[in-house]
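Here is a set of questions and answers for a reader new to this structure. Please look at the sequence and the 3D view before reading on.

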Amino acid sequence: MSHRISRRRLLGIGVAGASGAILSAAGLTYLLRDPGGEVIVIDEADPAARPRVYVATAATPSPTTPPTPRPGFEPRPAWTSQLLAQVAHSGPTDQPLVGLTIDDGWTARDEVLAVLKDRKVRPTFFLTGRAIANDRDFIARALDGGCEIANHTMDHAWLVDKSKAYIQKDLQDFEDLVRSKVPDATTVPYMRPSGGAINQTVIDASAELGYRPILWNASTGDGSTSTTPEQMVRNALAAGPGAILITHFSGRTVAALPGIIDGLRAKGLEPVSLTALFQGSKPG
Ligand SMILES: [Zn+2]
């Protein structure tokens, strides 16, 4: 008694099965050792028959689509050391994109994240280690939410009166924290000094570690505590194509974000991460 197993069926099993899967069909039991690999066929109608082994490796592999990079883990711009040493205030202006950056993380972290998820926006968070000291798992939640995490240093110190060694440790400590929470994540190549305070030492120290200082050319103006959410929306909507917009984690930003996002979209501008901004890619 002979049974033939067709190539199509082997392929079908290879696609459907997981390692060690057992499938039954037409009196036959198929034991699949590896998807697409060795298949043992047992003829249930003839218990004395020897199990037959088919090796499916000769099967034509089905076409595969390249994996979509996980949001927050897309390939970053490959900047030369020369470009790393050029402070960025904006991105390319030939795409209708605005780099949305949200800083610090002292308060309202998950509330901000909820608004972003609701409106399918994946910005860049310049988190600082000190602000999230009691909620370091926010790093994983933010990445899970598709957001990008950039380096706003561990201690949020005023860097312009610090040594190169201090600045590099402050950056590296935060990078290490991010990696300790999500091993395949990185904050490279985006750093932002506390208060936007920058000098040549900050630039050189950052560039040596692969970071480009990222400032901004559009702001909600929330650095002033008297700025209302309505004013924040108006300020943000002054952003044009290629702008880098800054705001901070706070209840006011939670209140302003829907108006900012909807307002930018009404102007034909999509708020995106720095990686999407600098790569000119469309939001997914
Ligand atoms: Zn800050």
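Q: Which residues have the most contacts inside the largest nonpolar core?
A: A nonpolar core is a set of buried Ala, Val, Leu, Ile, Met, Phe, Trp, Tyr and Cys residues joined through C-beta atoms within 7 Å. A residue is buried if 20 or more other C-beta atoms lie within 10 Å of its own, exposed if 12 or fewer, and partly exposed in between, with C-beta atoms placed from the backbone. The largest such core has 56 residues, and those with the most contacts inside it are Val98, Phe125, Ala142, Ile149, Ala236, Ala239 and Leu245.

Q: Which helix gives the largest share of this core?
A: Helices (H or I, at least four residues) and strands (E, at least two) are DSSP runs, numbered from the N terminus. The largest share is five residues, and it comes from helix α8 (residues 251–266).

Q: What kind of model is this, and how are its residues numbered?
A: The model is predicted, so local features need pLDDT of at least 70 and side-chain atom pairs count only at pLDDT 80 or more, while totals for chains, interfaces and linings use all residues. Residues are numbered along each chain as its sequence is written, starting from 1.

Q: How many helices and strands are in the protein chain, and what percentage of its residues count as buried?
A: The protein chain contains nine helices and 12 strands. It has 284 residues, and the part that counts as buried is 37%.

Q: How are the axes of α3 and α8 oriented to each other?
A: Axes are lines fitted to C-alpha atoms, for helices over the stretch in contact, and angles run from 0 to 180 degrees between N-to-C directions. The axes of helix α3 (residues 109–118) and α8 come within 9 Å and cross at roughly 10 degrees. Angles under 35 degrees count as roughly parallel, over 145 as roughly antiparallel, 65 to 115 as roughly perpendicular and the rest as oblique. The two helices, α3 and α8, are therefore roughly parallel.

Q: Which strand pairs with β5 over five bridges?
A: Two strands pair if DSSP finds at least two bridges between them. Strand β5 (residues 97–104) is joined to strand β12 (residues 270–272) by three bridges, and to strand β6 (residues 124–127) by four. Five parallel bridges link β5 to strand β11 (residues 244–248).

Q: Why is β5 largely enclosed by the rest of the structure?
A: The strand has eight residues. β5 is largely enclosed because the number of them that are buried is seven.

Q: How far apart in space are the C-alpha atoms of Val272 and Val98?
A: Val272 lies in strand β12 and is buried, with 27 other C-beta atoms within 10 Å. Val272 and Val98 are 174 residues apart in sequence, but their C-alpha to C-alpha separation is 6.0 Å.

Q: Is Glu175 buried or exposed?
A: Glu175 is found in helix α5 (residues 164–181). With 22 other C-beta atoms within 10 Å, Glu175 is buried.

Q: With which residues is Glu175 in contact, leaving aside its neighbours within four places in sequence?
A: Once those neighbours are set aside, the contacts of Glu175 are Asn151, Thr186 and Thr187.

Conventions: Two residues are in contact if their C-beta atoms, placed from the backbone, lie within 7 Å.
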